[in-house]
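The entries follow in the order I checked them.

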Amino acid sequence: MAAPKTKFLNLPLLLFFPILLLFHRASGARSISPDTLNTGGNITHGETLVSANGTFTLGFFSPAGITTKKYLGIWFTAAGADAVHWVANGDTPLNGNTSGVLVLSSGGSLLLLDGSAGQIAWSSLNTTTSAAAASTVAQLLDSGNLVVREQSTSGGRVLWQSFDHPTNTMLAGMKFGKNLKTGEEWSLTSWRAANDPATGSYRRVMDTTTNLPDVVTWQGHVKRYRAGPWNGRLFSGEPDMDSQYKLFSVDMVDDADEVAYVLNAVPGVPFFTHFVLDEDGKVQVFLWETTTRSWNSFSWSPRDDCDDYAMCGAFGLCGVGAGAASTAECTCVDGFSPASPAKWVLEGVKLPDTDNATVDMSATLEQCRARCLANCSCVAYAPADISGDGGGSGCVMWRDNILDVRYVENGQDLYVRLAKSETGTRKNVAKIVLPVLVSVLVLTAAGMYLVWICKLRGKRRNRDILRKAILGYSTAPNELGDENIELPFVSFGEIAAATNNFSEDNMLGQGGFGKVYKDSRLTIIHRDLKPSNILLDADMSPKISDFGMARIFGGNQQEANTNRVVGTYGYMSPGYAMDGAFSVKSDTYSFGVIVLEIISGLKITLTHYKGFPNVLAYLSAK
């Protein structure tokens with residue numbers, strides 16, 4: 001479709017436009033037949049052009065659910081405006097509340113006028129200069145093609161046609177490809193949404209960068225799908241083109257002027273068919289069932305995950321398993337020794353992307369093989385044309401890597417090369433690595449087993465010593481091998497005697513782990529003495545609790561030192577807080593702090609009290 005143009009009308013046209021509407025309403029004459037618009041003729045909202053056999057209609061429409069926008073389009077008459085295949089002003093919609101007008105100007109151009117704004121919303125922009133161009137007609141053909149041609153004869157020269165400017169749909173008779181001389185493209189562009197014909201994210205174009213044409217779907221600058229290079233019979237990744245049941249026949253043109261194919265209707269096909277590039281970048285095939293007056297559709301491409309471009313990466317080969325819920329599976333392409341060229345063949349695949357390939361249509365397959373073997377960069381080759389008999393002709397050689405290869409029905413043979421030395425090296429490496437790997441795993445398992453046995457025996461030994469100590473069989477606290485153990489061992493009998501057989505009178509308190517008794521033979525340093533750890537019993541007698549951080553002094557021990565200072569700041573003695581040194585005096589200091597809190601009624605943790613950094617500094621100054 002020609003690029004939409006929006007501009008202000010010149011003064012004569014602005015003056016002529018209301019007169020044109022009045023003339024149209026008064027005369028009601030617009031053309032010599034229902035499918036034709038004469039020079040100066042026009043149609044407006046509610047009026048249409050209908051092809052001679054009634055198959056196609058041109059007129060104004062609003063997409064489903066969108067009443068504020070109006071477009072000029074062509075649709076399949078039986079299905080109505082829900083089957084629009086061409087839109088003139090997709091990116092410049094008319095106001096849905098006003099009347100647009102399509103006019104065939106004296107210069108042979110179609111103009112779509114916005115009745116509310118007085119602007120040209122779209123133009124066919126015919127640039128043909130000819131004396132006869134002043135006498136032109138616009139006609140909607142039975143193929144769905146809107147043409148502007150000279151009126152001199154029924155077969156007058158075509159000045160412009162909608163088939164040269166497709167939007168998102170291909171019909172029989174349309175071209176798809178590129179004019180190599182003018183650079184003009186016949187391509188498909190998706191709609192932005194199912195009910196929005198503005199330019200969407202996807203474009204389906206003919207790739208002519210190499211001598212092998214390919215069909216590519218782009219999303220912006222990202223390649224999303226590739227049909228596979230043309231091999232003289234079909235695009236190698238679209239096997240349905242060569243199936244027994246064909247919806248279209250394809251005529252391929254590949255010469256110095258253009259690279260394109262034309263879709264031709266197959267005689268005897270009982271329904272109307274068209275291809276659509278939808279808003280998700282998928283090509284859908286629609287078939288009109290005349291008996292049910294409804295559409296049947298199926299996906300043409302991509303068909304599955306293997307059609308996603310470069311799904312398996314370089315040298316990857318994608319295949320889809322059997323079953324309805326089958327998923328794509330990636331494997332590596334195997335290389336083969338040149339000593340056995342018959343085993344080089346990778347059968348039934350879509351040929352790789354040809355961005356890194358060279359093509360020589362005059363070479364034979366044997367010459368292609370010899371060239372690949374003589375070129376260190378060659379990794380694969382294939383015949384360029386398989387339309388004739390035999391193994392094909394022409395030569396395509398890939399350098400460095402192959403990308404986007406998959407298995408397909410009716411696929412082509414690809415000859416993959418890997419140096420003989422590399423094949424042998426791969427096998428030798430496997431022979432060396434596998435035994436070494438097994439040996440390492442065995443030694444690792446044996447080592448882990450020995451470590452586990454040693455730890456288990458150590459735990460058992462410690463448990464036996466602990467049991468003996470509790471029962472009074474051992475009096476050596478260092479028998480466990482730790483000279484710095486915090487708790488010396490005493491016998492169960494000694495503990496029972498010291499607590500008067502666990503008398504309630506000797507119980508200090510009770511916590512989550514059980515009762516705590518005083519032991520008159522041991523000196524206990526609490527290390528976290530504070531008001532919240534002093535509880536009252538039923539007789540209001542204070543009991544010290546929370547001995548989780550307590551340390552026990554044995555024998556004549558008077559003090560100790562630790563690298564792990566625990567407790568509550570404010571209640572710690574300075575020597576313990578700074579150096580880790582503690583003794584009975586540490587708990588005495590904590591008790592003194594508690595007494596100060598009781599007398600002053602102030603919390604020791606209170607900061608910035610009356611100009612002092614804390615309450616303790618304030619009380620010391622007093």
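Which residue in strand 6 is the bridge partner of Phe-56? I looked it up in the model, which is a predicted one. The partner is Phe-76.

Entry, strand 5. Strand 5 covers residues 56-61, and I found 6 bridges between strand 5 and strand 6, with the two running antiparallel.

Entry, strand 7. I looked up residues 84-87, which make up strand 7. For a position to look at on screen, I noted Trp-75, which has Val-84 of strand 7 opposite.

Entry, strand 8. This strand consists of residues 94-95. I counted 2 bridges from strand 6 to strand 8, again in the antiparallel sense. Asn-95 in strand 8 is the bridge partner of Lys-69.

Entry, cover. How many of the 8 residues of strand 6 are buried? I found 7, so by the cut-off of under 20% relative accessible area the strand, residues 69-76, is mostly covered. I kept a general point beside this: side chains in a regular strand alternate between the two faces of the sheet.

Entry, whole chain. I recorded 7 helices and 44 strands for the protein chain. The chain has 622 residues, and 41% of them count as buried. Among contacts with a separation of 6 or more, 48% come from residues 24 or more positions apart.

Technical notes:
Residues are numbered from 1 along each chain as its sequence is written. This is a predicted model: local features need pLDDT of at least 70, side-chain atom pairs count only at pLDDT 80 or more; totals for chains, interfaces and linings use all residues. Side-chain values use heavy atoms; hydrogens and water are left out. Buried means under 20% relative accessible area, exposed over 50%, partly exposed in between (1.4 Å probe, protein chains only). Helices (H or I, at least four residues) and strands (E, at least two) are DSSP runs, numbered from the N terminus. Two strands pair if DSSP finds at least two bridges between them. Contact means heavy atoms within 4.5 Å.
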